[in-house]
Amino acid sequence: MDLKSLFVVAQFIKARCAHGMMAGKAKKDKNYVFYEVEIQDSKKLKLCYLDKILNGTQPDRLCHFTQVFLAECIGPLFIYLFFFLHLLNVYEQIDDYTSSPCSVVTLACVCHCFHYFRRLLETIFIHRFSDGTLPLQTIMRNCLYYWGFSAWLAYYINHPLYTPPSYGNLQVYSSLVVFMLCEAGNFSIHLALNNLGCNGLRPKRIPYPTRNPFTWLFFFVSCPNYTYEVGTWLSFSIMTQCVPVALFTLLGFVQMTIWARGKHKMYIREFTDYPELRSAIIPLFL
């Protein structure tokens, strides 16, 4: 489905939403009409899912809502590869086409690309978007954040003079194990939340652990996907022993803690029987 077709669909959605709102006013009540929309391509492949659409949604922003999240992932993916393959002349001339002999450099590239490729797949096939729009300043800020940090950490990790971690292979491969476990856990949590479903920003049910061991973190925290995300970047920081990665991890942890605490409070507000043992993001602590 091309952008023109998506625009036509969005125009139809906007018209139907407006009709529903007018019907509510005619009855002098405050009922609102929401729509759940799934956009597919010509082969019936789901491009995105919009869970709650209100009147006033701008068609152009509706069409590009999923593309915003794709851009956040595609940008870091290609930016890192540009540095890894030395397609950008950013180093000293004598070192510009020289790669670091450390094997961790290649491993870090694989891990970084794997992480954002997983996020791309989740954005297309798993995530359920609760809003139909996103402020322009938020789009610019998110892309600047992810793209800028990817360039910064890629510059140092792929520098010809990059030095390996202090404890060698033990530090690298132990961090790799943790990295892959956190990636699997993050994917498992997103899949579980998708199967749980939601009504806009309000969950229909309390998320509980399933038979998948990676979801057992629900016993202790409300937002285990953020816990796994922090674990992913913390292990990547240890694997590369790179200051920009550590700073990216710290800022991400602060932001995800804010989001997690907000969702934790929402769960407590919405469900009187919400498990008291759960914390927001760090088990038994935060």
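1. Accessible areas here come from the Shrake-Rupley method with a 1.4 Å probe, and for residues only the protein chains shown count as cover. Keep in mind that this is a predicted model, where local features need pLDDT of at least 70, side-chain atom pairs count only at pLDDT 80 or more, and totals for chains, interfaces and linings use all residues. Residues are numbered from 1 along each chain as its sequence is written, and side-chain values use heavy atoms, with hydrogens and water left out.

2. On the overall layout, the protein chain has eight helices and four strands. Both are DSSP runs numbered from the N terminus, with helices being H or I over at least four residues and strands being E over at least two. Along the sequence the pattern reads α-β-β-α-α-α-α-α-β-β-α-α. Of the 286 residues in the protein chain, 45% are buried; buried means under 20% relative accessible area, exposed means over 50%, and partly exposed is what falls in between (1.4 Å probe, protein chains only). As for contacts (heavy atoms within 4.5 Å), take those in the protein chain between residues at least 6 apart in sequence: 75% of them join residues at least 24 apart.

3. Now the α4/α6 pair. Two packed helices are described by the angle between their axes and the distance between the axes. Helix α4 (residues 103-125) packs against helix α6 (residues 168-196) at an angle of about 5°, and the axes are 11 Å apart. That makes α4 roughly parallel to α6, given that angles under 35 degrees count as roughly parallel, over 145 as roughly antiparallel, 65 to 115 as roughly perpendicular and the rest as oblique. The α4 side of the contact includes Val104, Leu107, Phe114, Arg118 and Glu122, while residues met in α6 include Val172, Leu176, Phe179, Glu183 and Phe187.

4. The structure holds three salt bridges, each defined as a side-chain nitrogen of Lys or Arg within 4 Å of a carboxyl oxygen of Asp or Glu. In one of them, the side chains of Arg118 and Glu122 meet at 2.7 Å, N to O. Being four residues apart in helix α4, these two are separated by about one helical turn. Arg118 is buried at 7% relative accessible area, and Glu122 is buried too, at 1%.

5. Arg118 also reaches out of its own helix. Its side chain meets that of Glu183 in a salt bridge of 2.8 Å, N to O. Glu183 lies in helix α6 and Arg118 in helix α4, so the pair ties together parts that are 65 residues apart in sequence. At 2% relative accessibility, Glu183 counts as buried.

6. Then there is Glu229, which forms a salt bridge with Arg118, the closest N and O atoms being 3.8 Å apart. Glu229 sits in helix α7 (residues 224-240) and Arg118 in helix α4, so this pair ties together parts that are 111 residues apart in sequence. Arg118 and Glu229 are both buried. Salt bridges that share partners join Arg118, Glu122, Glu183 and Glu229 into one network.

7. Pro76 is worth a glance, with its place in helix α3 (residues 65-84). At 0% relative accessibility, Pro76 counts as buried. Leaving out residues up to four places away in sequence, Pro76 touches Ala71, His112, Tyr116, Tyr146, Trp147 and Ser150. The C-alpha atoms of Pro76 and Cys143 are separated by 9.0 Å, with the two residues 67 apart along the chain.

8. Back to the surface. Trp152, Tyr156, Leu247, Leu250, Leu251, Val254, Ile258 and Trp259 form a nonpolar patch with about 750 Å² of accessible area together. Patches are made of residues with over 30% relative accessible area and no salt bridge, where like charges are joined within 9 Å and nonpolar side chains (Val, Leu, Ile, Met, Phe, Trp, Tyr) within 5 Å. Helices α5 (136-157) and α8 (243-270) each supply at least two of the residues, and α8 gives the most, with six. Trp259 lies in helix α8 and counts as partly exposed at 43% relative accessibility.

Definitions and conventions
Axes fitted to C-alpha atoms, helices over the stretch in contact; angles between N-to-C directions.
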